[in-house]
Structures are given as C-alpha cells and as structure tokens.
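Work through the exercises below with the sequence and the structure at hand. Each task is followed by a solution in steps.

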Amino acid sequence: MAGDTARSLDAEKSDGEREIDRLFALQKQAYADSPFPSYDQRVANLDKILRLTEAFESRFIEAISADFGNRSKYESVIAEIVVTLSGARLAKKHLRKWMQPRGVATPLHMLPATSRIERQPLGVVGIISPWNYPVFLALSPAIAALAAGCRVMVKPSELTPRTSDVLREAIRSEFDEAEVAVVTGGVETGQAFAETPFDHLLFTGSTAIGMRVAQSAAKNLTPVTLELGGKSPAIIDKSADIGKAAASIAYGKMLNAGQTCVAPDYVLAPADMIEAVTENIAGAARSMFPEIDTTADYTSIVSDRHFARLKGFVEEARDRGAKIVEVGSANALHPQRKLPLTLVVNPPRDAGLMREEIFGPILPILAANSAEAAIAEVNAGERPLALYWYGEDKDARDHVLQKTVSGGVTVNDSLWHVAQENLPFGGVGKSGLGAYHGQAGFETFSHMKPVFYQSRFAKGAAMLRPPYGPKTAKLLSIVRKII
Ligand code: NAD
C-alpha cells in the first residue's frame, strides 16, 4: 500500500522535481560515504571554483549581457568575476584556521575536563539565487559551503537562462554532480527545491519570496539563511563633503543600473543642501556616463516588466508633484531598456517608489535636517539591508549607527562592506536572516558542534551519581560555592 502511494506521488511529479530528488539522493549518499572532507579535498574544490570562474569568464560575461539586453563588461568583471575569485582565494587562505576546533574555558568544578567547539560539514546544501548578479550570487554561497565541506545544489533564476546554462556547463566541467549540481527552472522548480529536506538552504532574492521559501523549508525544519532586499538609505550629514558623497551615491545607484540589493535606495539630506546634492549627483552621473543611450558600459533593465514598473514609479511621482531630474538622454523605447538615472526630489511618502524597494536607477532625495530626523525616517520603515552615512561629525555618525538597525553599513562610501569578505554579509528583520562571506559563510554551513571531553582523572561526576546521601550533600555544598 505504502509503496503504491509513493509510486503514485512520484508519477505526479514534474521532470524538474524528479531531477531535484535524484540529485539530492545522490548527494546525500555521497555525503554519507564521505561526511568529513579533508582540508586538501576542500582546497581542491575551491581550486575548481577558481578554475571554472576564469575558464568561463568570457562566456559568463556574454551570457549575462544577452540575458540583460546589455550588461557592462566591466561591471561583470568587477561584480561577478573578481568578487568570486577573491572570495574563493580568501577561503583558501584561511581554511585551515577556520577548520580548527576552538577550545572554550571549562569551569573549575568540571576540571580537569576540556571543552571545544568542532566544525562539522552540515551535509547537502541548497542555494537559490536571483538574476541580478547571477554568477556571483550562485558561486559565492557555494564557495562557503564547499569550504565547510558540504555538497551543493544550486537553483539559479529563470530570468537569466543563458547564464544558468553556462553556469551548469562550467560546474560540470570541474565537479561531479554528487559534489555540486545546477538545477534550472522557474517558480514551480524553486518551490520544489525549497521543499527539499536540505541540511541548510540559502536563499537570495526578494523579501516576499523569502517568506515563502522560509515556510517551505519549515516543513522539514531545514535551517535557512535569507539574503533579502529592502530600502537602503544614504544619509548625508551637514558635515559631509557634498561632492564626494554625491559621486559615491551616483556610482552605488548606477552600478548594474541600480539592480543591486545594497544600492542606495533613497537619499536623506538637510533641506538646505538638497539642491546642491541633486546637482552634484546629476553631475557625477553625467561624468561617469556621458552617453547612456549608446555606451556599452551602462547596464540595461533586465526585462520589459521590470522596465515598465520603474517607469511607473517615475510617472506616479511626477503626477503627484515631485520634481524629476532625468540625467541623460536615454530613450524609453530603446531596445536595450536603458533607463537613465532619475532623481526624484521630495516625492510623497506614500508614493510607490517610497513604499517598495526600487531596484533600478531611480533615486528619491528627501529632506532630513538632523541626525534625529534621519533616524526617524529610517526607523519608520523596515530594517534596511544596508545604510550609508556621509560626513565628518563622528558624534552624529555614531548616533545614527546606534539608533538604526541595518544589515551592514559603509561610512563615507557605498557598497564596499559587501566586497570586504572578512565582514559577515546579511540582512536583519525583513532584509534577511543569517549571514555569509568569509568565516561567517564557513560557519553558516558548518554545525558548530560542542564537545565535552571528560578527563580520565575526573572524580566529581561519578560522586554525584546515586545512591545519594550525606557525601552527595557535602559535595554539592562545595560545588555551590565554586560555581
Ligand atoms: P525573486 O525573489 O523573485 O527570485 C529569487 C529566486 O527565487 C529565483 O531563483 C526564483 O526562481 C526563485 N523563486 C521564485 N519563487 C519561488 C518560490 N515560491 N519558492 C522558491 N523559490 C522561488 O528575486 P529576484 O527578482 O530574482 O531578485 C531581486 C531581489 O533579490 C531584490 O529584492 C533584491 O534586493 C534581492 N537581492 C538580495 C541580495 C542579498 O544578498 N541580500 C542580493 C541580490 C538580490
């Protein structure tokens, strides 16, 4: 009977679901056969990532550009290739230290026992990645999982299908599918993937889908790391150098045409600085991209649907009286969907672009006359993934950093905390759960196993066993004095 039910359930599955089941069973068996890969095996796996990233570099760059309509080659080298290589090299450099068990102090009354935290590979790990950095956001968590000694299944986004095909080919060129495998497909495949009883699931994507993924994973009590989005503020203090702040914000917003999870989503600046801030951001943008329409260095919006959504934000704000500054001459009907940086000064707080994560090159600029006002503005929304603060007044800076909670912070620039692999990267509240990069990534995919090593000279533990009596009471009175 049970066999019949299992067979009929299996018959209802799609090819994609059966492929997920097959790969998962294969990796689970491989993990059972070799549950603790050696340091050398892990380094060999990191070397495979390094080799495939370099060998497929130009194929990745071409595929991403074809998927986007146009993606700057330089942006792909910086934000897909270099960051992946640096993550793998850093993991190789520190792996021996990360793998070391860490001794912890043992209290006096438990001596001469010793205690330590050992790092054990969690097992088979699932990674669901988004389209905006389709190579880096698939490979960077894989690096952490391989360093931790895990096996990896990756489900990339259906919005970048050419890149996913190259990614699968690249992975197959170096890895057996029992080590690392790529599963492609859309929402249904993603759902089935999230319901697979992985030993850990790392999801990168929107907050709305992240909540669904958490629910799917909860069916198996699969632990999750959720790398989500949000509205990341850029706060310009009155002590800031406007020119430097503006150039940094313009760059952070125009990289990948604003389709970056940690892009500055909106700017807060004192009211009497807003005109200068707007002019300086526009000037910085013009000098970086004098010819947005024609340059291959400015990235396209990924799809017509995303393009229409962004244009809708601008139209709504314009209709409701906000000042709009379009920087550049990009044509909305351009086949490559290039959208110029669009500054929106003082939009209504309930406009679409102030309610949702923008995820494109549109930048609201709003007044906040003091650190307190900026803090109130940030805290009125969900906890952001990133926060940028510009200025020289250290008291104002510390005040803002202490009174706002964001996933990460860069002071006097944008984006950089993400590339610093020795800093954990992740969100907080609605912008995410957990973190990875560097050692934090290694620990995310490791079971941090506490082990208590009893000493053969230990006497106290045996003396506390029944039958209880006056000796137990005496021993307990001593223990109570020293704990
Ligand atoms: P998305 O949430 O639409 O999709 C992400 C992935 O989830 C895709 O692979 C998709 O196929 C899959 N998916 C869709 N429905 C699913 C379901 N029901 N169950 C399981 N998987 C499902 O996100 P997106 O549009 O690809 O990416 C943009 C979002 O990602 C933005 O909100 C951005 O801020 C965020 N993001 C966050 C980070 C970060 O590191 N925190 C990085 C990049 C992007």
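Predicted model: local features only at pLDDT ≥ 70, side-chain atom pairs only at ≥ 80, totals over all residues.

Residues are numbered from 1 along each chain as its sequence is written, and side-chain values use heavy atoms, with hydrogens and water left out.

**Exercise 1.** Find the place of Pro112 and describe the peptide bond that joins Leu111 and Pro112.

Solution. Start with the elements: helices (H or I, at least four residues) and strands (E, at least two) are DSSP runs, numbered from the N terminus. Pro112 lies in the loop between strand 1 (102–104) and strand 2 (114–121). Next, take omega for the bond between Leu111 and Pro112: at about 5°, the bond is cis.

**Exercise 2.** Do likewise for Pro467 and the peptide bond from Pro466.

Solution. The loop that holds Pro467 runs between helix 18 (460–463) and helix 19 (470–482). Omega from Pro466 to Pro467 is near 0°, and the bond is cis.

**Exercise 3.** Is Leu415 buried, partly exposed or exposed?

Solution. First, locate Leu415 in the loop between strand 14 (408–411) and helix 16 (416–419). Its phi is positive, about 75°, although Leu415 is not a glycine. Then apply the cut-offs: buried means under 20% relative accessible area, exposed over 50%, and partly exposed in between (1.4 Å probe, protein chains only). Leu415 has 12%, so it is buried.

**Exercise 4.** Which class of accessibility does Asn346 fall into?

Solution. Asn346 sits in the loop between strand 11 (341–345) and helix 13 (352–355). Asn346 is not a glycine, yet its phi is positive at about 50°. Its relative accessibility is 43%, so Asn346 counts as partly exposed.
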